[in-house]
Amino acid sequence: MALVTSKQMLLDAQKGGYAVGAFNVENMEMVKAVIAAAEELQAPVMLQTTPSTVKYGTLKTYQALVAAEAEKAGIPVCLHLDHGSSFELAVQAIQAGYTSVMIDGSHEDFEQNIALTKKVTEVAKACGVTVEAELGKVGGKEDDLEAEGDTNTDPAEAREFVERTGVDSLAIAIGTAHGFYADTPVLDKERVSEVKSLVSIPLVLHGASGLRDEDIRECVQRGMCKVNFATELRVAYTDAGKKLIAENPDMFDPKKLGGVGMEAVKELVKNRILVCGCDHKAK
């Protein structure tokens, strides 16, 4: 089917008490793997690209790849700009055919974040595209942005932010970090419940790679409706290729590398879909 926005799939997740898996993709093989996994488990799915990924391949290239694969699938597929770094990039993604965009103003102060997010939301809604924003700072390194520490989201600020910007979903900081964890993360799961009690829109969990399954499940039970996975997919894809080359040093066919990479990503995505509880929720 044609690409859809994240609006209905996240509202359905919010109502149903599960989360939609959102997976960062880097190439055709990862696109095919994510959609194949979601189709096998009959799950709605979001595919995401970051600014550095679209710089590598262009917005139109990724839009064409995902749209072509989604057209063949019998499940809802959304193409999302992850961590949009500027108003200009968000608008370019909308023009290229992305059906959802994130504007990440979390590195700005509260008022500047509101102003930037509201500006993007006004344009996106006029085009029928959904918008995700971020409030608070998720630690670690995501794309070209790096945060030294975590500043967890203030629930009262979250309510004001949503009311003043009109965004469709909100990523909140609860102690997670982008990339893998050097130590066991200390998650403020109660904060998810606190924010949910004050905010009506779906909440988003960033930095889920490396979290324990039970931690993800509890965050979903408390109100997270979208869970992002990025680093672990890259590792699965790359490790599969490394293993193949180590076992077959004379191998030179890129398709064989892509094949093992796809299979590794597909199996990982299936696991994450089950953890999020969105299997058999496709509509």
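Contact means heavy atoms within 4.5 Å. Helices (H or I, at least four residues) and strands (E, at least two) are DSSP runs, numbered from the N terminus. The model above is predicted, so to speak of local features takes pLDDT of at least 70 and side-chain atom pairs count only at pLDDT 80 or more, while totals for chains, interfaces and linings use all residues. Residues are numbered from 1 along each chain as its sequence is written, and side-chain values use heavy atoms, with hydrogens and water left out.

**Exercise 1. The buried side of H1**

Find the buried residues of helix H1 and decide how they are placed around its axis.

*Step 1.* Buried means under 20% relative accessible area, exposed over 50%, and partly exposed in between (1.4 Å probe, protein chains only). In H1, the buried residues are Met-9, Leu-10, Asp-12 and Ala-13.

*Step 2.* Look along the axis; the arc is that of the directions from the helix axis to the C-beta atoms. These residues cover an arc of only 160 degrees, which puts them on the same side of H1.

*Step 3.* Now see what covers them: the list includes strand E1 (20–24), strand E2 (45–49), strand E3 (77–84), E8 and E11.

*Step 4.* Pick out Asp-12, which lies in H1 (residues 7–16). Asp-12 counts as buried because its relative accessibility is 17%. Not counting residues up to four places away in sequence, Asp-12 touches Tyr-18 and Lys-283.

*Step 5.* Just after H1, look at Gly-17, which takes a positive phi of about 75 degrees.

**Exercise 2. H4 and its two partners**

Describe how H4 packs against H2 and against H5.

*Step 1.* Axes are lines fitted to C-alpha atoms, for helices over the stretch in contact, and angles run from 0 to 180 degrees between N-to-C directions. Helix H2 (residues 28–40) and helix H4 (residues 59–72) pack at about 25 degrees, with axes 10 Å apart. That angle makes H2 roughly parallel to H4. (Angles under 35 degrees count as roughly parallel, over 145 as roughly antiparallel, 65 to 115 as roughly perpendicular and the rest as oblique.)

*Step 2.* From H2, Met-28, Val-31, Lys-32, Ile-35 and Glu-39 meet Leu-65, Val-66, Glu-69, Ala-70 and Lys-72 of H4. Sorted by class, the contact of H2 with H4 has 6 nonpolar, no polar and 4 charged residues. (Ala, Val, Leu, Ile, Met, Phe, Trp, Tyr, Cys and Pro count as nonpolar, Asp, Glu, Lys and Arg as charged, and the others, Gly among them, as polar.)

*Step 3.* Turn to H4 and helix H5 (residues 87–96), which pack at about 40 degrees with axes 9 Å apart. That makes H4 oblique to H5.

*Step 4.* Leu-59, Lys-60 and Gln-63 of H4 meet Leu-89, Gln-92, Ala-93 and Ala-96 of H5. This contact of H4 with H5 has 4 nonpolar, 2 polar and 1 charged residues.

**Exercise 3. H9 against H11**

Which residues make the contact between H9 and H11?

*Step 1.* Start with the geometry: H9 and helix H11 (residues 254–276) pack at about 45 degrees, with axes 9 Å apart. H9 is therefore oblique to H11.

*Step 2.* H9 brings Asp-213, Ile-216, Arg-217 and Val-220, and H11 brings Asn-271, Arg-272, Val-275 and Cys-276. They divide into 4 nonpolar, 1 polar and 3 charged.

*Step 3.* Also in H11 is Lys-270, which counts as buried at 15% relative accessibility. Leaving aside neighbours within four places in sequence, Lys-270 is in contact with Ala-37, Glu-40 and Leu-41.
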